[in-house]
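Here is a friendly walk through one model, from its surface to its strands and its confidence values. Have the viewer open as you read.

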Amino acid sequence: MRCVARGPVHATRANGRWPFGRILAVCLTGLSLSGCILGTEHPDAALEVPAAYGAGPLHPDAAVPALDWWQGFRSKELTGLIEQAQISNLDIAVAVAQIIQADAQAGIAGAPLLPSLTGGASAERIRQQATAGGGASVFSQYNLGLTASYMLDFWGKNRATLFAAEKNALASRYNHEVVALSTVVSVANTYFQILAAQDELKVARNNLAASTRILNLTQKQFAAGTASQLDVSQQAALVAQVRASIPPLEVTRRQNIAALAVLVARAPADFKVNGPSLSRISVPRVTPGLPSELLVRRPDIRQAEAQLAASNFSVESARAAFLPQIGLTGTTGYQSAALSSLFAPGAWYYTLAASLTQPIFDGFLLKSELKQARGVQLQFLQSYRKAVLSAFGDVEMALVALEQTTIQLRLQGDVVANSRRAFEVAEAQLNGGTVNLISVLQAEQTLFTAESTLVQVRLNRLLAETSLFQALGGGWNKPELQTAAATQ
């Protein structure tokens with residue numbers, strides 16, 4: 001419903017004049033009549049929430065992640081990079097700009113719920129042509145007026161539009177949290193990949209030094225006649241193979257450094273990482289609590305929930321557009337032919353009118369808009385369901401990966417220890433001339449492969465840890481979490 005005021009029209013009442021304050025009072029009564037149909041479009045999401053996760057020991061008092069969960073890795077450099085990304089990352093800056101836009105859109109949507117006042121002033125000089133009995137006449141016309149407009153939201157159309165915009169603004173805030181969490185996880189993962197590349201480079205260079213040492217010994221044995229040219233060529237090929245494995249590792253390291261520089265909004269050319277070995281990175285303890293806690297903690301779920309709520313209100317607004325709209329018109333001001341008498345009592349005028357508009361045929365426009373709104377509602381309903389199911393799946397996969405990589409890390413450590421011991425024995429026996437070169441080559445290749453695999457297992461364990469943090473929605477404020485759960 002709508003209240004509009006415009007145009008200088010003189011009107012009187014049998015027992016006196018309408019004061020302009022009464023015009024505004026009539027308009028404002030619409031505020032108390034709005035929202036008659038709100039809250040009717042809330043489809044059942046039909047969520048299937050498991051009682052517990054299938055992987056790992058879970059209980060309500062689990063070690064949920066802290067708000068600054070990245071501190072648990074105990075790396076000052078990583079902490080500094082994450083804090084810098086939270087301030088400077090450009091994706092986060094875009095998300096902040098989207099919040100500003102969504103808030104402004106909510107303000108635009110709420111404007112029709114408030115009266116609109118417009119003031120105007122005009123001055124005219126009018127000359128009329130001469131008539132048969134007299135000469136031309138010239139006179140002035142002065143006008144000063146105030147116009148009020150307002151739409152009575154009796155069916156809740158405008159209020160539903162406002163609520164939809166407010167829910168979209170809320171969704172933009174959750175989107176900011178999603179982007180911020182993804183950025184933090186990306187910084188951590190990229191940092192760990194840089195350290196893994198550095199560790200693999202160290203393994204390759206150590207293996208190159210050992211291979212070169214054995215090659216020199218083989219060449220001396222060949223000169224003494226105790227080794228063949230085949231032994232020398234085989235060891236030389238192994239040295240070349242190890243040397244050729246270094247450039248790809250250097251490419252991985254430098255490319256990840258460049259990617260990390262972009263995440264913290266720095267120029268890649270001047271960006272450096274001086275991190276330690278992956279073996280010096282601590283793995284924080286974290287286990288999830290109840291699956292239902294994800295519904296109030298994961299920002300992507302809250303974003304999907306807010307988008308669904310916005311689509312519900314959009315359907316209500318589209319449905320209310322079928323109902324009649326009532327328009328009220330009110331204007332007051334002063335009008336006179338002489339500026340000196342503009343504010344005289346006789347120069348004051350006012351007008352008040354009412355109208356009702358009912359859509360009859362619009363080429364099925366309103367029907368199509370309602371159908372579109374219901375389609376969007378169905379889309380966000382399915383997106384919300386998918387977000388919830390994906391959240392449970394993410395946690396399950398992260399728990400399985402963390403559990404198995406922890407076991408693999410322990411076993412691979414034993415492989416490296418035994419392989420290193422075998423290589424040291426083989427090299428000592430080669431120096432003593434009690435073993436052939438083939439046994440040494442096998443022991444050396446086994447050690448090189450085992451150490452490279454150990455680096456990858458350490459990396460995979462850390463990536464599984466960050467995946468679990470991301471799957472749980474980042475850091476948790478336990479009292480806030482309990483309050484939100486109780487509210488839901």
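## A nonpolar patch

I360, F361 and F364 together make a nonpolar surface patch of about 450 Å² in this predicted model. Patches are built from residues with over 30% relative accessible area and no salt bridge, joining nonpolar side chains (Val, Leu, Ile, Met, Phe, Trp, Tyr) within 5 Å and like charges within 9 Å. A salt bridge here is a side-chain nitrogen of Lys or Arg within 4 Å of a carboxyl oxygen of Asp or Glu, and areas come from the Shrake-Rupley method with a 1.4 Å probe, counting for residues only the protein chains shown as cover.

Where does F361 lie? F361 sits in the loop between strand 5 (348-357) and helix 9 (365-432). With a relative accessible area of 65%, F361 is exposed (over 50%; buried is under 20%, partly exposed in between). Helices (H or I, at least four residues) and strands (E, at least two) are DSSP runs numbered from the N terminus.

## Paired strands

Strand 3 (residues 137-151) and strand 4 (residues 325-336) run antiparallel, joined by eight bridges; pairing requires that DSSP finds at least two. Here L146 has T332 in strand 4 as its bridge partner.

Strand 4 also pairs with strand 5 in the antiparallel sense, over ten bridges. G333 stands opposite Y349 in strand 5.

## Confidence and conventions

The protein chain has a mean pLDDT (the predictor's confidence in each residue, from 0 to 100) of 84, with 86% of its residues at 70 or more.

Residues are numbered from 1 along each chain as its sequence is written, and side-chain values use heavy atoms, leaving out hydrogens and water. As this is a predicted model, local features need pLDDT of at least 70 and side-chain atom pairs count only at pLDDT 80 or more, while totals for chains, interfaces and linings use all residues.

Definitions and conventions: Buried means under 20% relative accessible area, exposed over 50%, partly exposed in between (1.4 Å probe, protein chains only).
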